[in-house]
Amino acid sequence: IRKYWNGNLLKINTVINKLNYKELQPIAKFMHKYEVKEISFTYPDWKYDSNPFHDFKRYKKEVAPTYTDAFKYLKPVMDYCIEKWITVKVVDFPFCTIKDKKYIERTDEYCYAHRMKQTLWWGIEDRNTLLPRGRSKIEQCKSCSYKDICWWVLHAYVAVYGTEEIVPFI
């Protein structure tokens, strides 16, 4: 990394999947070793439609862990990053699966929710026009205290894993 990067800020994004979700700590330590100052961990943003090539059994088996399983490994990584003064962001996890405000405040969704206008390459957009990006506001969301700022649950996630682990903040 040092050979090719001479700047002062390098951001790394890691998409969480079945192959790496148990190895997020070594990834963060490797990045810290090379002085990376910002790391994002992103839950896979699957597309849900009736396309017969979208094999949801395969997704469940090979592509994406449950939110709960992924966050179990992500939480100590976030603590490590906070301790080492690495800016850490988590992307595409519903707030209710994170459960702790200390970590919720480190999600892109939480940060963007407090900026209703976003400057994008094509101009300024209202955040609400960009959502829900293939997401479902399920029954549990209706009573959640974060319902107005959370980006909800992926349609594909609901199709593959259901909604049992989704418990709203009250």
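Start with Asn-17 and Asn-20. A polar atom of the Asn-20 side chain sits 2.8 Å from the backbone nitrogen of Asn-17. Keep in mind that this is a predicted model.

Stay on Asn-20. Its place is the loop that runs between strand E1 (11–15) and helix H1 (24–33). Is Asn-20 buried or exposed? Its relative accessibility is 13%, so Asn-20 counts as buried. Now show what surrounds Asn-20. Beyond the neighbours within four places in sequence, Asn-20 is in contact with Thr-14, Val-15 and Ile-27.

**Zoom out**

Show the whole protein chain as a cartoon. Eight helices and seven strands make up its secondary structure. The chain has 170 residues, and 42% of them count as buried. Take the contacts with a separation of 6 or more: 64% of these join residues 24 or more positions apart. Switch to a surface view.

**Select the cysteines**

How many disulfides does the structure hold? The count is zero. Pick Cys-96, which is in no disulfide. The nearest cysteine sulfur belongs to Cys-144, 6.0 Å away. Cys-96 is buried, at a relative accessible area of 8%.

Next, pick Cys-150. A disulfide needs the two sulfur atoms within 2.5 Å. Cys-150 counts as buried too, with 11% relative accessibility.

**Select the charged pairs**

The whole structure contains five salt bridges. Visit three of them, including the one between Asp-79 and Lys-102. Their closest N and O atoms are 3.2 Å apart. Asp-79 lies in helix H3 (residues 67–83) and Lys-102 in helix H5 (residues 101–104), so this pair ties together parts 23 residues apart in sequence. Asp-79 is partly exposed at 28% relative accessible area. Lys-102 is partly exposed at 43%.

Move to Glu-83 and Lys-84. These two form a salt bridge, with 3.8 Å between the closest N and O atoms. Glu-83 counts as exposed, at 55% relative accessibility. Lys-84 counts as partly exposed, at 33%.

Finish at Lys-142 and Glu-139. Their side chains meet in a salt bridge of 3.2 Å, N to O. Are these two residues buried or exposed? Lys-142 is exposed at 52% relative accessibility, and Glu-139 is exposed at 56%.

Conventions:
Residues are numbered from 1 along each chain as its sequence is written. This is a predicted model: local features need pLDDT of at least 70, side-chain atom pairs count only at pLDDT 80 or more; totals for chains, interfaces and linings use all residues. Side-chain values use heavy atoms; hydrogens and water are left out. Helices (H or I, at least four residues) and strands (E, at least two) are DSSP runs, numbered from the N terminus. Buried means under 20% relative accessible area, exposed over 50%, partly exposed in between (1.4 Å probe, protein chains only). A polar contact is a pair of N or O atoms within 3.5 Å; within protein, one must be able to donate a hydrogen and the other to accept it, and residues adjacent in sequence count only if both atoms are side-chain atoms. Contact means heavy atoms within 4.5 Å. A salt bridge is a side-chain nitrogen of Lys or Arg within 4 Å of a carboxyl oxygen of Asp or Glu.
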